[in-house]
Amino acid sequence: MSSLTESKAWIVLKNHYHQIENISIRNAFKEDPNRHNKFSLQLNDILFDYSKNRITDETMPLLFELAKQVGLEAKIKSMFAGEIINTTEHRAVLHTALRNRSNRPIYVNGLDVMPDVNRVLAKMRVFCASVRSGEWKGYTGKAITDIVSIGIGGSGLGPRMVSTALAPYGSDSLKIHYVSNIDEADIMEKLKHLAPDRTLFIIASKTFTTQETMMNAFAAKNWLLESIKDPKAIARHFVAVSTNTESVAKFGIDTDNMFEFWDWVGGRYSLWSSVGLSIALKIGMDNFEELLSGAHEVDEHFRTTSFEKNIPVIMALLGVWYNNFFDCQSHAVLPYDESLRYFPDYLQQGDMESNGKSVDMQGQNVDYSTGPIIWGRAGTNGQHAFFQLIHQGTKLIPCDFMAAANSHYYLPEHHKVLISNFFAQPEALINGLTREEVKQQLTPGEQEDSVLVASKVFAGNRPSNTFLLKKLTPKILGSLLALYEHKIFVQGVIWNINSFDQMGVELGKVLAKTILSELESGEPIESHDCSTNALISSYKQMRDC
């Protein structure tokens, strides 16, 4: 048994779970008209309602005690102080410094990082103004109309998600495209509609060696040079987000147009850095800094607020409650906003890459469940895809719902229908339908059909959180993202795992390099298991050339 599962707080929570595991959320609302006020918090223009959970007045204090016993307060201070909390890679974790709008000094190895952060932000501002105004010209003297951002993982998911979410703030004269997949369809489908002499590429790779990113970068370079024969054109059509000056220059990019970031910026937290250059080009630097400000407000809330009023801490503890005590294996993220359609994908990486670990900080295998499977889709599309399983399936799936009270667009009846569904689904999840209620909705003849009646019964008692936003602005989006980032961090602290490395993604990359050379070999392949050997051989036979 681990020290976590043997701790006093954990044992008390386990006993409490057995006492209230069958609590009816529906009845809890009937018995306590003040339940919403008791279990909701407001942070600026975000209302967080966690009243639709399987919790009682006793549950949250016990969860807060768990957070205290694992030393969460000290761990929060360590992160914000720039201490080496990513112990396997010996790095600080300071994405919070990238959005430190207070500009208070933040030290890494005795050096204040804020001057460098501010320098890069100022450089981004000048560059974005030049491109957005048309002052920056391509090699043939034409203004840029299309930006293609090439990156993968956090360098792709984060910027794509934010740029899509904040599309109403974008420039009509500048379109942003994202390429991440090594599948040639990704880049070729993006490029075939673009004019080379009006296209600017952003290559986002810290080391400038990431295989997928660099292969796509060279494909883009070749595409440009097929149209504009002069290699000097590269300097006017490519910029880099990287730290590898030598490789950037060798590629042909003017190093004056290289935007740096640092090893204390993890990939899945990098949108706040110069990796967010495509976002700033899309929405303008003022709005990009509003995004940073919204995140900073949550950073301060997380850093200074007691656990009892701390939204990320509560989000995290509720996740632990379901993951470790109710044995919930997944968590659904359901934005009722088409602009947030990439939000579940973004959180999937943020959570599952961070907390998909089975070894604790001491290198020991854990004996408890860690990160859940994160998935979801924008409503109302999700209702017609997988909500059946959430409502009536055999799995308990906690959900996060989110929507904005105000839309950027003016089809008011559309928004009313959207929001009516947004409110209805969490209510339906907790209330369900009893057999008696089902019969009341049926004709006398249908009431005699026991199979029909049973099929229409909803057990209810399915938990969810609700985020109601005033409007999806850059600041509110920044705050929402930071809430989830800190939730993930808190859960990692409780599970005693390193949320900031990602060793699990490396093995497949190593094997792929071996297989790549074998694909070009005419020799029989016998170096793998019989299935992989056969698949490689079949692939070679199926190839047209």
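Which residues does Phe-343 touch, not counting residues up to four places away in sequence? In this predicted model, the partners of Phe-343 are Met-161, Val-333, Met-402, Leu-480, Leu-481 and Tyr-484.

Next, have a look at helix 8. Its 12 residues (154–165) should span 16 Å at 1.5 Å a residue, and the end C-alpha atoms are 16 Å apart, so the two values agree. Helix 8 is mostly covered, with 11 of its 12 residues buried; among them are Arg-160, Met-161 and Val-162.

| Element | Residues |
|---|---|
| Strand 6 | 175–179 |
| Strand 7 | 199–204 |
| Helix 13 | 277–283 |
| Helix 14 | 285–304 |
| Helix 16 | 343–355 |

Helix 22 is also one of the elements packed against by the buried residues of helix 8.

Finally, let us visit Phe-489, which is found in helix 22. Is Phe-489 buried or exposed? Its relative accessibility is 5%, under the 20% cut-off, so Phe-489 counts as buried. Leaving out residues up to four places away in sequence, Phe-489 touches Lys-75, Ile-76, Met-79, Ile-85, Phe-302 and Phe-500. Phe-489 and Leu-516 are 27 residues apart in sequence, and their C-alpha atoms are 36 Å apart in space.

Key. Residues numbered from 1 in each chain as written. Predicted model: local features only at pLDDT ≥ 70, side-chain atom pairs only at ≥ 80, totals over all residues. Heavy atoms only, no water. Contact = heavy atoms within 4.5 Å. Helix = DSSP H or I, 4+ residues; strand = E, 2+ residues; numbered from the N terminus. Expected span 1.5 Å × (residues − 1). Buried < 20%, exposed > 50% of the residue type's maximum accessible area, 1.4 Å probe, protein only.
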